[in-house]
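Dear colleague,

Please find the structure below, handed over for your own analysis. A summary of the findings follows it.

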Amino acid sequence: MTQMRQRISERLNLLYQGIMQLRERGLPVDAIEPQGAIYLSFRLDIVGEGRPFARNEELRQWLLHNAGLAVVPFQAFDLVDESGWFRMSIGASGVPELHAAIERLEQALLRLSVG
């Protein structure tokens, strides 16, 4: 159990740090520091009036098709706001896959010209 928890923590922190590095580079992302479980809560600040996406669902589909990322919008957890908040699971992803996911997210956002 200890090793499994360490591997989960390593992957969550890798994903969190990757999102924070994208933020430092000026991309419209943010995340909540991992608090356990196997998912990371993160935000893409590109949803809403005058932004590239009107709804979280549009952004979710765009992420799937343009960055190869499957995410769950906070509406699945009863949040009403279209605020760009999502959860991303690390449950079936190893370290190499997470590095690749961060890279794909960065490239997709750069192609969208939001940074």
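**Aromatic rings and the charge above them**

The charged end of Arg87 sits over the ring of Phe77, 4.1 Å from its centre; a charge sits over a ring if NZ of Lys or CZ of Arg is within 6 Å of the ring centre and within 35 degrees of the ring normal. Arg87 also lies over the face of Phe74, at 5.6 Å from that ring centre.

The model is predicted: local features need pLDDT of at least 70, side-chain atom pairs count only at pLDDT 80 or more, and totals for chains, interfaces and linings use all residues. Residues are numbered from 1 along each chain as its sequence is written, and side-chain values use heavy atoms, with hydrogens and water left out.

Four aromatic pairs are present in the structure. Rings of Phe, Tyr and Trp (its six-membered ring) pair if their centres lie within 6.5 Å, with planes under 30 degrees apart counted as stacked, over 60 as edge-to-face and the rest as tilted. One of the pairs joins Phe74 to Phe77 edge-to-face, at 6.1 Å centre to centre and 90° between the planes. Phe74 is buried, as its relative accessibility is 16%, whereas Phe77 is partly exposed at 42% (buried means under 20% relative accessible area, exposed over 50%, partly exposed in between; 1.4 Å probe, protein chains only). Phe74, Phe77 and Trp85 are linked by ring pairs into a cluster.

**Salt bridges**

Six salt bridges are found in the whole structure, each being a side-chain nitrogen of Lys or Arg within 4 Å of a carboxyl oxygen of Asp or Glu.

Among them, Arg25 pairs with Glu106, with the closest N and O atoms 3.1 Å apart. This pair links distant parts of the chain, 81 residues apart: Arg25 is in the loop between α1 (2-24) and β1 (29-31), and Glu106 is in helix α3. Helices (H or I, at least four residues) and strands (E, at least two) are DSSP runs, numbered from the N terminus. Helix α3 spans residues 95-112. Arg25 is exposed at 52%, while Glu106 is buried at 12%. Not counting residues up to four places away in sequence, Glu106 touches Leu22, Arg25 and Leu27 (contact means heavy atoms within 4.5 Å).

Arg23 forms a salt bridge with Asp30 at 3.0 Å between the closest N and O atoms. Both Arg23, at 43%, and Asp30, at 27%, are partly exposed.

Asp45 and Arg51 form a further salt bridge, their closest N and O atoms being 2.4 Å apart. A network of salt bridges links Arg43, Asp45 and Arg51.

Yours sincerely
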